[in-house]
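The following report describes a protein model and the way its chains are arranged. The sequence and structure are shown first.

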Amino acid sequence: MILATEAASSGGLHFPSIGHLLVWPGILFDGTIFELNKVGIIYLFATIATLMLFIVAGRRAALVPRGVQLVAESGVEFIRESVVNQTIGPDGYKFIPFFLSVFFFILFSNITEIIPFIQFPANARMAFPFLLAMLVWIIYNAVGVMNQGFFGYIKNSLVPPGVPPALLVIVIPIEFVSTFIVRPFSLMVRLFANMLAGHLLLVTFAVLTAALWTKGPLAAIIWAPFIVLIGLTAFEILVAFLQAFIFTILTAVYIGGAMHPEH
Amino acid sequence: MLELLAQADQSVDGLKAVGAGLGYGLAAIGPGIGIGIVVASAIEAMARQPEAAGTARTTMFLGIAFTEALALIGFVVFILLNFA
């Protein structure tokens, strides 16, 4: 609001610069190595929320789940049915805790995008999506090496079955790049760019709405960007869920591929 | 001379903005068509075999995620060219 009124008073519509939207000054422990800004606090909140969800749900487990326990159990059910069963199969059940924590952590750090007064998806900064993607990369490679042995894993991931030997010269480099480099990169970019794009969209329409608010006759059409803003907020809730789901299911696909090579 | 240099500098900035916009537009064409095809086929599959709707939906999201990646990389390039 402050931004928009400044913009209106200077006579034109000024969009805040990208640095203004993404770079946050430190709030706590300023100047030390533990300095926390808004993004760090959102991540702390997401971690604690994920932990508390399952601690509270598990402490007084009732036979008929209610409240927090219901949320946690639906989460487990959702991950088991829609993620693990569709991609790995029953022998992937030992990864359910990992998928659950990844899903809820990403969901909680995305959903701050539409919570009033926070309104920033922490994953719109690249660092943490990168860390998560590296974690997934390490895990699926480790799973592959444990299940197929080092050379078996390398061979199965680089040589697709049924390729004529003459084509291997082209196929092996392509498979190498796509399996070991593009996978973590696209995991990171997908999460980060979706959240950044959503944040920029919301900012654009919020700035438009606020600018029209303060401009006499133009207030007649203020409802137009405002309705779009409301619609986009609903859409961003969907995107926050969907990105958490897609990150989890892609992780499951990669781990499943490392567990069961194609024949 | 200095003025000329300053002008050239400005036009480089302008070209950057034009290139970023065009680049993002071009990067959005392919994934747009691709996501359309993915979703259309998934709907067709769900309509033909409603009992397989769960599998079709999961696979559809996977397909969308892979297709969408290109458009998102285009968006990142746009951001980098304009603001970095």
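This is a predicted model: local features need pLDDT of at least 70, side-chain atom pairs count only at pLDDT 80 or more; totals for chains, interfaces and linings use all residues.

## Loop residues, fold and interface

A:Gln119 is located in the loop that lies between α5 and α6 of chain A.

Most residues other than glycine have a negative phi. A:Gln119, by contrast, has a positive phi near 45°, and A:Phe117 has a positive phi of about 75°. A:Phe117 also belongs to the loop between α5 (96-111) and α6 (127-148). The table sets out the phi and relative accessibility of each residue.

| Residue | Phi | Relative accessible area | Class |
|---|---|---|---|
| A:Phe117 | about 75° | 80% | exposed |
| A:Gln119 | near 45° | 45% | partly exposed |

A:Phe117 counts as exposed because its relative accessible area of 80% is over the 50% cut-off.

Chain A as a whole contains nine helices and zero strands. Its C-alpha trace spans about 70 × 55 × 40 Å along the principal axes. Of its 263 residues, 42% are buried. Among contacts in chain A between residues at least 6 apart in sequence, 68% link residues at least 24 apart.

The largest nonpolar core has 69 residues, of which A:Phe99, A:Leu196, A:Phe247 and A:Ile255 touch the most other members. Leaving aside residues up to four places away in sequence, A:Leu196 touches A:Leu22 and A:Ala124 as well as B:Phe75 and B:Ile79.

Between the two chains, 15 residues of chain B are in contact with 20 residues of chain A. Together the chains bury about 1,500 Å², with 82% of that area on carbon and sulfur atoms. B:Thr58, B:Phe61 and B:Leu72 supply 30% of the area that chain B buries against chain A, more than any other three residues. On the side of chain B that touches chain A, the residues comprise 11 nonpolar, three polar and one charged.

Which polar interactions are counted between chain B and chain A? There are zero salt bridges, and one residue pair is in polar contact, with both residues at pLDDT 80 or more.

Note on methods. Residues are numbered from 1 along each chain as its sequence is written. Chains are lettered from A and ligands numbered from 1 in the order in which they are written. Side-chain values use heavy atoms; hydrogens and water are left out. Contact means heavy atoms within 4.5 Å. Buried area is the accessible area (1.4 Å probe) that two parts lose on being put together, summed over both. A salt bridge is a side-chain nitrogen of Lys or Arg within 4 Å of a carboxyl oxygen of Asp or Glu. A polar contact is a pair of N or O atoms within 3.5 Å; within protein, one must be able to donate a hydrogen and the other to accept it, and residues adjacent in sequence count only if both atoms are side-chain atoms. Ala, Val, Leu, Ile, Met, Phe, Trp, Tyr, Cys and Pro count as nonpolar, Asp, Glu, Lys and Arg as charged, and the others, Gly among them, as polar. A nonpolar core is a set of buried Ala, Val, Leu, Ile, Met, Phe, Trp, Tyr and Cys residues joined through side-chain atoms within 4.5 Å. Buried means under 20% relative accessible area, exposed over 50%, partly exposed in between (1.4 Å probe, protein chains only). Helices (H or I, at least four residues) and strands (E, at least two) are DSSP runs, numbered from the N terminus.
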